[in-house]
Amino acid sequence: MRLYLDCCCYNRPFDDLSQERVRLESDSVLAIITRSLMNGDTILGSGTLGLEIAAIRNPEKRAKVADLCQVVTERIAHSESLEQRAKQLQLEGLHVMDSFHVASAEIGEADIFLTVDDKLIKLCRKITLTVRVMNPLEYIEEVLEYEG
(Lines give C-alpha, C1' and ligand atoms only; values in the text may rest on other atoms or scores of the structure.)
Protein backbone atom coordinates (compact mmCIF):
# COMPACT_ATOMS: atom_id res chain seq x y z
CA MET A 1 0.00 0.00 0.00
CA ARG A 2 1.23 3.49 -0.87
CA LEU A 3 -0.14 6.31 1.27
CA TYR A 4 0.22 10.07 1.15
CA LEU A 5 -0.80 12.02 4.25
CA ASP A 6 -1.14 15.76 3.79
CA CYS A 7 0.18 18.23 6.34
CA CYS A 8 -3.09 18.50 8.24
CA CYS A 9 -2.85 14.76 9.03
CA TYR A 10 0.60 15.19 10.56
CA ASN A 11 -0.71 18.20 12.50
CA ARG A 12 -3.80 16.43 13.83
CA PRO A 13 -2.19 14.62 16.81
CA PHE A 14 -0.96 18.01 18.06
CA ASP A 15 -4.26 19.90 17.64
CA ASP A 16 -6.71 20.58 20.46
CA LEU A 17 -7.97 17.09 21.24
CA SER A 18 -10.95 18.26 23.31
CA GLN A 19 -13.27 17.80 20.31
CA GLU A 20 -14.24 14.18 19.71
CA ARG A 21 -13.76 14.32 15.94
CA VAL A 22 -10.27 15.78 16.27
CA ARG A 23 -9.34 13.14 18.86
CA LEU A 24 -10.68 10.31 16.66
CA GLU A 25 -8.86 11.65 13.59
CA SER A 26 -5.68 11.98 15.65
CA ASP A 27 -5.96 8.38 16.83
CA SER A 28 -6.66 7.27 13.25
CA VAL A 29 -3.61 9.08 11.87
CA LEU A 30 -1.36 7.51 14.49
CA ALA A 31 -2.89 4.07 13.91
CA ILE A 32 -2.43 4.40 10.15
CA ILE A 33 1.21 5.37 10.55
CA THR A 34 1.88 2.54 12.99
CA ARG A 35 0.08 -0.03 10.83
CA SER A 36 1.85 1.18 7.68
CA LEU A 37 5.27 0.91 9.26
CA MET A 38 4.50 -2.56 10.65
CA ASN A 39 3.23 -3.75 7.25
CA GLY A 40 6.07 -2.24 5.24
CA ASP A 41 3.75 0.13 3.40
CA THR A 42 5.19 3.16 1.67
CA ILE A 43 4.43 6.54 3.21
CA LEU A 44 4.99 9.22 0.62
CA GLY A 45 6.14 12.77 1.30
CA SER A 46 7.02 15.81 -0.74
CA GLY A 47 8.70 19.18 -0.72
CA THR A 48 5.27 20.72 -0.25
CA LEU A 49 4.94 18.85 3.02
CA GLY A 50 8.28 20.27 4.14
CA LEU A 51 7.24 23.80 3.19
CA GLU A 52 4.00 23.58 5.13
CA ILE A 53 5.69 22.17 8.19
CA ALA A 54 8.31 24.94 8.07
CA ALA A 55 5.47 27.50 8.04
CA ILE A 56 3.94 26.29 11.33
CA ARG A 57 4.23 29.32 13.60
CA ASN A 58 4.43 27.55 16.95
CA PRO A 59 8.01 26.25 17.19
CA GLU A 60 7.11 23.43 19.59
CA LYS A 61 4.29 22.19 17.36
CA ARG A 62 6.49 22.61 14.26
CA ALA A 63 9.16 20.41 15.87
CA LYS A 64 6.62 17.74 16.86
CA VAL A 65 5.04 17.67 13.40
CA ALA A 66 8.48 17.53 11.74
CA ASP A 67 9.42 14.66 14.03
CA LEU A 68 6.23 12.73 13.19
CA CYS A 69 6.84 13.36 9.50
CA GLN A 70 10.07 11.35 9.76
CA VAL A 71 7.92 8.29 9.03
CA VAL A 72 7.96 9.26 5.35
CA THR A 73 9.70 6.45 3.49
CA GLU A 74 9.71 7.92 -0.02
CA ARG A 75 9.88 11.55 -1.12
CA ILE A 76 8.38 12.78 -4.37
CA ALA A 77 10.82 15.16 -6.04
CA HIS A 78 9.67 18.42 -7.56
CA SER A 79 9.48 18.09 -11.34
CA GLU A 80 7.98 19.71 -14.39
CA SER A 81 5.26 17.03 -14.56
CA LEU A 82 4.41 17.67 -10.90
CA GLU A 83 4.19 21.39 -11.56
CA GLN A 84 1.96 20.87 -14.60
CA ARG A 85 -0.38 18.51 -12.75
CA ALA A 86 -0.65 20.93 -9.83
CA LYS A 87 -1.60 23.72 -12.26
CA GLN A 88 -4.30 21.50 -13.78
CA LEU A 89 -5.66 20.76 -10.31
CA GLN A 90 -5.70 24.47 -9.49
CA LEU A 91 -7.88 25.02 -12.55
CA GLU A 92 -10.23 22.42 -11.03
CA GLY A 93 -10.50 24.58 -7.90
CA LEU A 94 -7.82 23.21 -5.57
CA HIS A 95 -5.77 25.68 -3.54
CA VAL A 96 -2.10 25.90 -4.49
CA MET A 97 -0.66 23.84 -1.62
CA ASP A 98 -3.46 21.26 -1.86
CA SER A 99 -2.85 20.93 -5.59
CA PHE A 100 0.82 20.14 -4.99
CA HIS A 101 -0.03 17.57 -2.32
CA VAL A 102 -2.53 15.80 -4.58
CA ALA A 103 -0.21 16.01 -7.58
CA SER A 104 2.62 14.55 -5.47
CA ALA A 105 0.36 11.69 -4.41
CA GLU A 106 -0.54 11.01 -8.04
CA ILE A 107 3.06 11.24 -9.30
CA GLY A 108 4.11 8.95 -6.45
CA GLU A 109 1.38 6.49 -7.46
CA ALA A 110 -0.25 6.58 -4.03
CA ASP A 111 -3.20 4.29 -3.52
CA ILE A 112 -4.72 6.60 -0.91
CA PHE A 113 -4.40 10.33 -0.20
CA LEU A 114 -5.37 11.11 3.38
CA THR A 115 -6.57 14.48 4.65
CA VAL A 116 -8.81 15.79 7.41
CA ASP A 117 -9.87 18.72 5.21
CA ASP A 118 -13.55 18.11 4.39
CA LYS A 119 -13.64 20.76 1.65
CA LEU A 120 -10.64 19.22 -0.07
CA ILE A 121 -12.16 15.74 0.10
CA LYS A 122 -15.44 16.99 -1.36
CA LEU A 123 -13.70 18.84 -4.18
CA CYS A 124 -11.38 15.93 -4.99
CA ARG A 125 -14.31 13.57 -5.27
CA LYS A 126 -15.77 15.77 -8.01
CA ILE A 127 -12.71 15.60 -10.25
CA THR A 128 -10.84 12.78 -11.94
CA LEU A 129 -7.80 11.69 -9.97
CA THR A 130 -5.57 8.65 -10.05
CA VAL A 131 -5.55 8.50 -6.24
CA ARG A 132 -8.39 7.82 -3.85
CA VAL A 133 -8.99 10.66 -1.36
CA MET A 134 -10.16 9.80 2.15
CA ASN A 135 -10.39 11.03 5.72
CA PRO A 136 -8.21 8.93 8.09
CA LEU A 137 -11.35 7.80 9.96
CA GLU A 138 -12.85 6.46 6.72
CA TYR A 139 -9.64 4.66 5.92
CA ILE A 140 -9.42 2.99 9.34
CA GLU A 141 -13.08 1.94 9.16
CA GLU A 142 -12.50 0.42 5.72
CA VAL A 143 -9.36 -1.41 6.81
CA LEU A 144 -11.08 -2.81 9.90
CA GLU A 145 -14.07 -3.91 7.84
CA TYR A 146 -11.78 -5.57 5.30
CA GLU A 147 -9.73 -7.34 7.95
CA GLY A 148 -12.74 -8.24 10.09
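## Buried cysteines

A residue counts as buried when its relative accessible area is under 20%, as judged with a 1.4 Å probe and protein chains only. In this predicted model, C9 has a relative accessibility of 0% and therefore counts as buried, and C7, with a relative accessible area of 4%, is buried as well.

A disulfide is a covalent bond between the sulfur atoms of two cysteines. When the whole structure is searched for such bonds, zero disulfides are found. C7 takes part in no disulfide, and the nearest cysteine sulfur to it, which belongs to C8, lies 7.4 Å away. C9 is likewise in no disulfide, the nearest cysteine sulfur being that of C8, at a distance of 4.9 Å.

## The sheet

Strands of a sheet pair through backbone hydrogen bonds, either parallel or antiparallel. Here five strands form an open sheet in the order β3-β2-β1-β4-β5, and their pairing is parallel. The edges are taken by β3 (74-76) and β5 (132-134), each of which has a single partner strand, so one side of each is left without a neighbour in the sheet. On average, and with direction ignored, neighbouring strands of this sheet are turned by 30° against each other.

At one end of this order, strand β4, made of residues 112-114, pairs with β5 in the parallel sense over three bridges, and I112 stands opposite R132 in β5.

## A helix across the strands

Helix α2, which spans residues 20-39, lies across β1 (2-5), β2 (42-46) and β4, and runs at about 150° to β1.

Technical notes:
Residues numbered from 1 in each chain as written. Predicted model: local features only at pLDDT ≥ 70, side-chain atom pairs only at ≥ 80, totals over all residues. Heavy atoms only, no water. Disulfide = S-S within 2.5 Å. Buried < 20%, exposed > 50% of the residue type's maximum accessible area, 1.4 Å probe, protein only. Pairing = 2+ DSSP bridges. Helix = DSSP H or I, 4+ residues; strand = E, 2+ residues; numbered from the N terminus. Axes fitted to C-alpha atoms, helices over the stretch in contact; angles between N-to-C directions. Contact = heavy atoms within 4.5 Å.
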